[in-house]
Amino acid sequence: MSLLGITKGTEIEKQIAHFAELERQGAGMYQALARLANEQGLEELAEDLKALAADEARHAGLYTVLNGDIKPDIFSILRFAAEAELSGEEKIKAFAQKARDIGLDNVAEEIETAAIEEGRHGMILKELIKKYENK
């Protein structure tokens, strides 16, 4: 039985939406704290925080499904996401240049790394679509 949209239109829909947003924020916060922990030499703590972030992201996904805030057509969403990731790479690289222009070379390098990862995500998504769409 699918849980897609099961809480949509119920008295708990708004609370489910609130939980989804809190979980998304939690995932970002734990990832940020993990980054700080790594910078401070606390690698084991960083790994624990990354695990918490993954849990929070999974919870956000649950609540998103419960309220039906995602379409059931996986591959149309993946195609859209792949294109967004690929086009995002160049946009983010351009943004990194703005950081470089104001003298923040170390920030620019980190942003460029994220940009390259976005492009890689796009390629991975395209491969996943190719592999699974017609199965």
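I began with Ile-6, which is partly exposed, with a relative accessible area of 42%. This is a predicted model, so I am reading computed values throughout. Ile-6 sits in the segment before helix H1 (13-39). Patch members need over 30% relative accessible area, and Ile-6 at 42% clears that.

Next, the charges. How many salt bridges does a search of the whole structure find? I got 12. Side chains of opposite charge can pair when their charged atoms come close. I went through a few of the pairs.

Entry on helix H2. I checked Asp-55 against Arg-58 and found their side chains in a salt bridge, 3.0 Å from N to O. Why do these two line up? Both lie in helix H2 (residues 43-66), 3 residues apart, so about one helical turn separates them. I also looked up how open each partner is. Asp-55 is partly exposed at 29% relative accessible area, whereas Arg-58 is exposed at 51%. The cut-off for exposed is over 50%, so Arg-58 passes it with its 51%.

Entry on helix H3. Lys-93 and Glu-89 form a salt bridge through their side chains, with 3.2 Å from N to O. Helix H3 (residues 74-101) holds both of them, 4 residues apart, about one turn of the helix. Is Glu-89 buried or exposed? I noted it as buried, with a relative accessible area of 16%; the cut-off for buried is under 20%. Lys-93, on the other hand, counts as partly exposed at 29% relative accessibility.

Entry on Asp-105. I looked for its partner and found Arg-100: the side chains meet in a salt bridge of 3.8 Å, N to O. The limit for a salt bridge is within 4 Å, so I count the pair at 3.8 Å. Asp-105 is partly exposed at 39% relative accessibility, and Arg-100 is partly exposed too, with a relative accessible area of 25%.

Last entry, on shared partners.

How values were computed:
Residues numbered from 1 in each chain as written. Predicted model: local features only at pLDDT ≥ 70, side-chain atom pairs only at ≥ 80, totals over all residues. Heavy atoms only, no water. Helix = DSSP H or I, 4+ residues; strand = E, 2+ residues; numbered from the N terminus. Buried < 20%, exposed > 50% of the residue type's maximum accessible area, 1.4 Å probe, protein only.
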